[in-house]
Amino acid sequence: MNETDQRMESARFADLVRRAARGVRPVFSAFLTPDARARLAALARREGLESGDFGAAADAERAVVGLWQPGCAPEEAPIAVVSIAWDGRYAAPQHRDVLGACLGLGLQRETLGDIRLEGDCAYVAATPAIADYLIENLHEVGRAKVSLSRYDGELPAAESGRREVVNVPSLRLDAVLAQTLHLSRARAQALIRGGAVQKNWQMTDRTDAEIAQGDVLSIRGSGRIRVHSVQGESRKGRLFLEVETFLRP
């Protein structure tokens, strides 16, 4: 996150806290990543407010944060789920196709929660107003004609990636990317310096950024890597990482 983005986030969070402190009703944020939710929750605590995360599923990655005064906790948050269906005989849209189609309508990423696919259907979490907008305006995803409707259930289970143990020379970001994505070290460094890599949903251009258990790495156009554990060291000083990869074809 650059300095401008940090200032904009701080202003948005400060406004949410002010509104929650002045009223008796809970106030809700846009859909946030886990690190952003933690920053907002910390700010709320400093102001004597309570907070909680609300997603379209128990394991949602993107969720809204509710802020409220003590004793005024909400039972639910304003979240809707839209199902997007297509004929699987003619098309097979992927996650990036669904997200791209939604953003192509002029929506901001923060208005959408998790997007999950199951069979010939995608399920998109959104605010109720955005859900209605999608139903009225989204007609195609890629080359697929789609039909949309409200969905009353939780999101389907999150997709599982491919888990493996990789052997890396160090916990540097470029080393982990190179080994996991089967790239040269130079190519991994070029991706990082080119702004194509996020660590825990924050863009970084530091090739030597240290990776730790629980980190999520997002690579533009390639997918994501979740670091589950650092398992030990070989006799030659190399490290074993258990990772889960969600790589796009």
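Hi everyone, and thanks for coming. A word on ground rules: the model is predicted, so local features need pLDDT of at least 70 and side-chain atom pairs count only at pLDDT 80 or more, while totals for chains, interfaces and linings use all residues. Residues are numbered from 1 along each chain as its sequence is written, and side-chain values use heavy atoms, with hydrogens and water left out.

Let's start with the whole chain. Its secondary structure comes to six helices and 15 strands; helices (H or I, at least four residues) and strands (E, at least two) are DSSP runs, numbered from the N terminus. The radius of gyration is 20 Å, close to the 18 Å that the globule rule gives for 249 residues, so the chain is as compact as a globular protein of that length. That radius is taken over C-alpha atoms, and the globule rule is 2.2 Å times the number of residues to the power 0.38. Along the principal axes, the C-alpha trace spans about 60 × 55 × 30 Å.

How much of the chain is buried? Of the 249 residues, 43% count as buried, meaning under 20% relative accessible area, with exposed over 50% and partly exposed in between (1.4 Å probe, protein chains only). Among contacts (heavy atoms within 4.5 Å) between residues at least 6 apart in sequence, 58% join residues at least 24 apart.

Now, please look at helix 1. This helix covers residues 3–22, 20 residues in all, and reaches 29 Å from its first C-alpha to its last, close to the 28 Å expected at 1.5 Å a residue; the expected span is 1.5 Å times one less than the number of residues. Its buried residues are Glu9, Phe13, Leu16, Val17 and Ala20. They cover an arc of only 95° around the axis, which puts them on the same side of helix 1; the arc is that of the directions from the helix axis to the C-beta atoms. Their cover includes strand 1 (27–28), helix 2 (34–46) and strand 3 (64–68). On the face turned away from the buried side sit the exposed residues Glu3 and Arg22.

Let's walk across from strand 10. Seven bridges join strand 10 to strand 15, with Arg162 partnered by Thr245. Strand 15 (residues 239–247) is mostly covered, as seven of its nine residues are buried. Nine bridges then link strand 14 to strand 15, where Gly223 stands opposite Leu247. In their hairpin, which has five residues between the strands, Gly237 takes a positive phi near 90°.

Next comes strand 13 (residues 216–219), covered on both faces: Val216 and Ser218 are buried on one side, Leu217 and Ile219 on the other. It pairs with strand 14 (residues 223–233) over four bridges, and Ile219 partners Gly223. Their hairpin has three residues between the strands, and Gly221 there takes a positive phi near 85°.

Finally, Lys199 of strand 11 (residues 197–199) stands opposite Leu217 in strand 13, and its bridge partner in strand 12 is Gln202.

Note on methods: Pairing = 2+ DSSP bridges.
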